[in-house]
Amino acid sequence: MSRFKSWLKERVPTAGFDYQVPSHANTLAFTLGGITLISFIILMISGIILAQFYSPTPENANQSIRILMTENNLGNFIRGLHYWAAQVAIVTVILHLLRIFFYGSYKRPREVNWLLGVILFLGTVGLYYTGTILKWDQEAYEALEHAAAGAKIVGGFAADYFVENPAVTLLSKFFSLHTSLLPILVIAVLAVHLILVKALGISPLPFKSKKNSGKSTFLVHLKHLLAYGLITLAVISIFATLFPPSLGTAPVEGIEATKPPWIFMSIFTIENWFGLIGLIITALILVVALLLVPFIDRKDSASPQDRKGIVAVGVIAVLLFVAFTVNAYFTKPEQHIEMGDEEQQQDMEEIVDNNDEQTDEDQIDNDQIDDVDQSTEESVELKALNQALSLVVEIDKILDEKGDIKLAGEKAAELDEVVDAIGDQIKAKDAKLRQELGDIIHELGELQEAESPDLAKASDEAHEAEEKIKEAIKLFEESAELKALNQALSLVVEIDKILDEKGDFKLAGEKAAELDEVIDAIGDQIEAKDTKLRQELGEIIHELGELQEAKNPDLEKASNDAHEAEEKIKAAIKLFE
Amino acid sequence: MHKRLFSILFALLLLLSVAIPVFSHGAEEEAVDVRVLVRQAIAYVEGIADIEMAENKLNEAIEQNEDQKLADPTKLQEALIALEEERLEEANILMLEAIGGNPSELELNPEFQIGVINIILLVIAAILLAVGLILLNKTKTKRGEMNNE
């Protein structure tokens with residue numbers, strides 16, 4: 001053993017680490033940063049494992065985590081490790097920052113290291129925030145919507161970042177932020193932070209302490225840190241096993257029905273009171289204030305006695321943080337970012353109605369849009385799109401007949417409003433089409449301010465916009481099939497229930513006749529996509545319909561038929577989705 | 001007399017023709033998908049347990065479903081009763097089933113279960129904790145020795 005020790009000592013010399021550090025470096029207060037670092041290591045290892053099971057798309061993200069949690073033996077544990085390590089990291093990084101603040105450890109010559117520390121703190125909060133989005137439940141979705149709305153207010157690069165590319169969703173952007181950009185930033189800054197700690201030495205205590213006034217070595221400090229690391233890992237493992245984190249239902253748009261994680265509860269209160277702009281301003285003030293701390297408090301003494309003013313500000317900030325957090329737990333969330341569907345609906349209808357009036361006044365030529373189905377049960381999206389089509393036809397006419405570029409530009413701005421009102425709905429069906437349509441309309445809108453506009457190009461763009469709008473109309477017309485299929489699904493579920501609970505064959509047969517009518521109405525459309533499915537579905541429904549007149553119907557067979565019909569209808573729905 | 005009656009009828013006709021867009025506008029409000037409304041109701045229950053908002057959304061869904069027929073009306077009604085009686089878990093399941101969803105899509109709350117894997121994990125954690133505490137105690141003693149020097 002001693003031979004091995006000397007062999008190892010020769011190859012791994014530790015003398016370089018055996019330099020002196022003050023004894024107080026081994027106290028818990030001076031080890032908080034080290035515990036954050038240990039939590040980071042746990043987060044990285046567990047995160048790499050979790051990433052193997054995660055799908056960063058809005059369609060699959062939530063489901064991929066569910067599969068990990070329910071179908072893998074250690075799924076809950078690994079996710080729990082990641083979750084609880086994140087809690088430890090955020091708590092210890094805050095305590096570490098507070099310790100440095102109250103001990104005045106940022107004072108000369110450690111100002112730059114304080115700034116790096118603030119960047120690390122923001123990086124940790126950023127990692128925590130992006131991590132909460134990845135689970136893609138209601139809370140995650142609302143957090144993302146808040147970020148997008150905030151970025152819109154801030155504008156510039158932030159707003160551009162939140163513009164979704166047809167092939168790259170915001171969720172995948174946040175996945176990339178969480179797993180590559182932010183960790184790289186944190187690791188790089190952390191390396192410099194640690195080098196500066198080594199170069200500048202451990203900061204002195206701001207008060208006299210008999211207990212911790214001696215000297216120690218860095219190797220002892222490392223052993224101390226290892227001990228805390230093991231305890232941290234043990235505690236996190238126990239929590240991950242006993243209290244694995246939950247996962248909410250996949251998100252639904254149009255509402256704000258959740259509260260953020262505890263760390264954001266305090267700013268949630270501010271948002272409740274002052275709206276999103278209040279949140280942005282507060283966050284900005286907090287960051288600027290943190291960055292300025294060493295340049296405001298420039299006295300040589302680190303003793304809290306000599307820094308009563310700044311210490312008092314710090315205490316008040318901490319108390320406000322706690323009070324706002326507690327308040328948020330007992331407050332019902334306000335609708336901060338106008339996610340309310342009713343509001344969106346009203347906005348959309350207002351725009352559509354306004355344009356209705358304008359269109360009537362302008363007396364545009366409606367003959368060109370006769371090919372659009374003007375059904376009586378037209379959806380709001382279809383109405384808006386038809387309105388958009390009228391406007392684009394009008395723009396084309398203005399360009400061709402009057403050559404009035406300015407007026408065409410004005411109409412394009414109206415068109416932009418109409419399409420924007422249903423932008424999300426178009427995007428949900430075809431993100432690429434939404435993007436292309438937005439780009440063309442934007443270019444048309446620029447005609448107003450163009451100095452020497454190209455009439456031919458503008459006319460081409462108007463034609464292109466017309467085609468895109470017609471494509472969008474088709475998307476929403478297609479939903480008629482989905483509507484019918486969903487109706488069929490409800491009917492078949494009802495039939496199944498009637499058979500199971502009442503055994504009423506006659507009633508089931510009557511419902512099957514209704515079902516037959518619904519499916520027949522879209523029979524051609526199903527056949528166009530899957531002939532076999534159409535035929536099989538027709539046959540099953542026909543058999544179910546015969547229950548009305550059957551003398552000795554077989555309940556089990558009828559029930560099986562109903563189940564089979566349900567599966568076929570679900571398959572048909574998938575075809576149209 | 002006839003002229004007067006004709007004038008009144010004409011005025012009524014004119015009024016009605018002006019009023020038609022108002023009536024038609026009322027019908028346009030019914031545009032939100034029933035399934036979205038039901039999912040919103042579930043989100044209110046799961047998120048902040050706001051039963052009132054959930055009931056509003058569900059009532060709206062029930063109303064819309066009369067036209068859209070996208071959900072099972074019986075289950076929606078049952079879900080509303082469950083909500084009113086604050087049987088939240090049951091209400092969520094009923095709502096989800098009403099729109100053809102599966103209860104496995106609802107909030108997943110894994111709980112600790114006594115099993116081989118969990119016991120092994122806890123034993124490992126206990127060993128780590130013990131080693132950590134011993135090491136901490138050792139280094140503290142060393143630190144004390146150094147301080148006394």
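The buried residues of helix α10 of chain A are S266(A), I267(A), F268(A), T269(A), I270(A), E271(A), L279(A), L290(A), V293(A) and P294(A). Here a residue is buried if 20 or more other C-beta atoms lie within 10 Å of its own, exposed if 12 or fewer, and partly exposed in between, with C-beta atoms placed from the backbone. Helices (H or I, at least four residues) and strands (E, at least two) are DSSP runs, numbered from the N terminus.

The model is predicted: local features need pLDDT of at least 70, side-chain atom pairs count only at pLDDT 80 or more, and totals for chains, interfaces and linings use all residues. Residues are numbered from 1 along each chain as its sequence is written, while chains are lettered from A and ligands numbered from 1 in the order in which they are written.

Helix α10(A) covers residues 265-296, and although it has 32 residues, its end C-alpha atoms are only 28 Å apart. A straight helix would reach 46 Å at 1.5 Å a residue, the expected span being 1.5 Å times one less than the number of residues. The helix also has a kink of about 135°, centred on F274(A); the bend at a residue is the angle between axes fitted to the seven residues ending there and the seven starting there. The buried residues of α10(A) pack against α4 (75-103), α5 (111-134) and α11 (308-329) of chain A.

In α18(A) the buried residues are F505(A), A508(A), G509(A), K511(A), A512(A), L515(A), V518(A) and I519(A). An α-helix has 3.6 residues a turn, so residues three or four places apart point the same way.

Chain A as a whole contains 21 helices and two strands. Of its 577 residues, 39% are buried. Two residues are in contact if their C-beta atoms, placed from the backbone, lie within 7 Å. Among contacts in chain A between residues at least 6 apart in sequence, 81% join residues at least 24 apart.

A nonpolar core is a set of buried Ala, Val, Leu, Ile, Met, Phe, Trp, Tyr and Cys residues joined through C-beta atoms within 7 Å. The largest such core has 67 residues, and A85(A), A89(A) and I236(A) have the most contacts inside it. Helix α4(A) provides the largest share of this core, 14 residues. Apart from this core lies another, of 32 residues, among them I395(A), A421(A), I441(A) and A472(A). Leaving aside neighbours within four places in sequence, I236(A) is in contact with I42(A), L81(A), W84(A), A85(A) and V88(A).

Two loops that follow helices of chain A hold particular backbone features. In the loop between α4 and α5 of chain A lies P109(A), and the peptide bond from R108(A) to P109(A) is cis, with omega near 5°. The loop between α5 and α6 (138-154) of chain A holds W136(A), which has a positive phi of about 50° although it is not a glycine. W136(A) counts as buried because it has 29 C-beta neighbours inside 10 Å.

In chain B, A49(B) likewise has a positive phi of about 50° without being a glycine. A49(B) is placed in the loop between α2 and α3 (51-68) of chain B, and is exposed, with 12 other C-beta atoms within 10 Å. A91(B), in helix α5 (residues 88-98) of chain B, counts as buried, with 25 C-beta neighbours inside 10 Å. Leaving aside neighbours within four places in sequence, A91(B) is in contact with V45(B), A79(B), A82(B) and L83(B).

Where the chains meet, 43 residues of chain B are in contact with 50 residues of chain A. Helix α6(B) gives the most to the side of chain B that touches chain A, with 18 residues.

Confidence is expressed by pLDDT, the predictor's confidence in each residue, from 0 to 100. Chain A has a mean pLDDT of 85, and 90% of its residues reach 70 or more. Among the elements of chain A, helix α12 (residues 341-362) has the lowest mean pLDDT (44) and α4(A) the highest (97). Over residues 340-377 of chain A the pLDDT is below 50. Where pLDDT is low, the predicted coordinates should not be read in detail.
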